[in-house]
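Colleague: Could you take me closely through a single part of this model, the nonpolar patch on the surface and the helices that supply it? I would like the cut-offs stated as you go.

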Amino acid sequence: MAKLAFLPLLYLLSSPHPTHGYGSGAPPSQCGSLVPGHGLTPKDNSNTPYTIKLNSLQLKPGAPAEVELTHSGSEEHFKGYLVQARSVSDDSVTGTFETVSDDAQYVKCGEVPQSAVTHVFSEAKEAIKLKWIPPTSFRGKVKIVATFVKDYSTYWVKVPSETVEIVEPTGPSGIEFPTEAPKPEPKPESEPEPETEPETEPETEPESEPESEPESEPESEPESEPESDGSVEKHAEINPIYSDCGIGKSCFGVPAKCVEANNCKLLAAWKRSGEEFEFDLLSTAGSGRYVAVGFSSDSKMGDELVMACANKNSAEIFWNDGKSPKPQSAFSGITSYEYSSSDGETSCKIKSSKILKSGSHTVDLTNEITLLLAGGPYNGPGSLSYHLGDKLATGEPVSLSLISSVGAKSDLLFRLHGLFMMCAWLGCAGSGMIMARYFKQTWKGKQILGADRWFQAHRLLMVTTLVLSLVGVVFILVEVDVQPLAPKNLSSNAHPVIGLICVLLALIQPIMAAFRPHPGDSGRKLFNWAHWGVGNLAHIFGICAIFLAGTLAKANLASTDWWSWVLLAYVVFHVITHVVFSLLWAKAERSYKVADQQLTEINGMNKIKNNNFGVEEKLDQEGGAFRKILFFMYITTAWVLVVVLAVAVFKAESA
């Protein structure tokens, strides 16, 4: 049973913790339950140290309420949160939010934009301030509910606020505002009075009929409007910035292909007007955010001037010193700057001359330029925070003087990186480890190119794993350089460093194998344990890295709920397969020892070469046929899961 010693490590793989730890905010998939995917039991809300404060418990439709998520006198900080407003009558999500604090980002629940808010960073926070706006068509009672996460194992779900009542609005004379469609319905029925008067004046009858028609038509139009929230109507309106895109000006947005759908999170539009260039920059990610455009010679961040929209008073110019934007206090070229911010949208109209200059850094806007569009939290003048994946580069250099259709840089290498890593660590690594552990007594006496079949299969699978991993690393280095390994980036997602450790451990394996002691040497046992341990650790890190890839903004897989479940299914299947193989191994070993003891007693050790024992050594260990069937099932299942996950990777839209 010593062969089962590997199980504790493998069971670590089955932990779902890495799959749902959203350090950079909750995904839309949690809108219904508001439960973090930590796999633990939430704390009792009656003992929560946190509270939701409101500035008013009675609101008119469309009137904002100030909301504050904070502690209830205990000074307990929280790291994560997800907040919504829900109707008391049917528990439906209602209304929209506006962010006030920097550590806040919108979550779209269902079809309603800005219907929830979650954190951006995992740092401890004392309070978060927001505004909640009830729909213009809603009447009734609402509670603000929030999930507070103190740490990974301590969180409270759906902590409620006091009840907020949305009351009927009234004008100065007590007449209801025309916000509800059902109110005007009786009017067409109650207006026969004007028709009775014209009986004595037939000449006016033709005039009265047309009058009644226009009256009913305008009244019928609002009937369809209240069916959706007023907030939804407002956000469904097309921003004027999209008008003339590709006709009167060039447009480029994040995510890719958002310009055609008029739903960009970030947008840059530009055109040449005489000797000047006019830029429109837009961010719909909430208040306290910036949107910036970099003028680069390539598609990578580093060594370019950046023009930012965030400061209420003036344009800001930065120089990307490597991956760090440095504010430029003295610059020339900006001739006009207009800033506006409302309803979670920030926009700027900027005019510039053909030459932007700051010190020794200059960009000529008449040349072809690769544009870098990015956005993120704005921490005040001269301070742009990390973009958290909200970035995109044009696919090729563009001429700002010409109106054109601008495409995004292809992210094919990024997706190929994911494909190669899944093929390596899901498709090959597990199979290679199983082959080495359980098939040494299978196909005995049968070799391929001078080596046992199990060894050749093991070597082929593990070399393939290493080659695929190295090619995957090359793809991602070409795509993003080493930027994801920066400490500030690792705080939001540990995928890069875990993946790097996995590949380094994989590189150690063939080096160890090249110096392995001969069978029977004193160091052979130590080598066997080291080779086994490093291989299992590499596999564990590889699977964890693939789990974490599902939370990367660039991968855009947060809405693919089944991503984590497919990986968890692989882990469970992998563990079960090892258990079955181990039981088969133990049974076969026990049978072999009994047979060996009986054979020794009959023939004697001094006659062992003259009996049939030498022939038995060339036979497969008991259960060989079942082992082969089980291995075929394992490798087939692993590759089916690789195909399923690969489809998700390539179908996900670029962030």
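Modeller: What follows is a look at the patch, then at its helices.

This is a predicted model, in which local features need pLDDT of at least 70 and side-chain atom pairs count only at pLDDT 80 or more, while totals for chains, interfaces and linings use all residues. Residues are numbered from 1 along each chain as its sequence is written, and side-chain values use heavy atoms, with hydrogens and water left out.

The nonpolar patch on the surface is formed by L470, L500, L504 and L507, which together have about 300 Å² of accessible area (Shrake-Rupley method with a 1.4 Å probe; for residues, only the protein chains shown count as cover). Patch members have over 30% relative accessible area and no salt bridge, and nonpolar side chains (Val, Leu, Ile, Met, Phe, Trp, Tyr) are joined within 5 Å, like charges within 9 Å; a salt bridge is a side-chain nitrogen of Lys or Arg within 4 Å of a carboxyl oxygen of Asp or Glu.

Helix α11, residues 495–514, gives the largest share of the patch, three residues, whereas L470 is found in helix α9, residues 453–480 (helices are DSSP runs of H or I, at least four residues, numbered from the N terminus). L470 has a relative accessible area of 34%, so it counts as partly exposed, that is, between buried at under 20% and exposed at over 50%, with a 1.4 Å probe and protein chains only.

The 28 residues of α9 reach 41 Å from first C-alpha to last, close to the 40 Å expected at 1.5 Å a residue, the expected span being 1.5 Å times one less than the number of residues. Just after α9, D481 takes a positive phi of about 60°.

Note on methods
Helix = DSSP H or I, 4+ residues; strand = E, 2+ residues; numbered from the N terminus.
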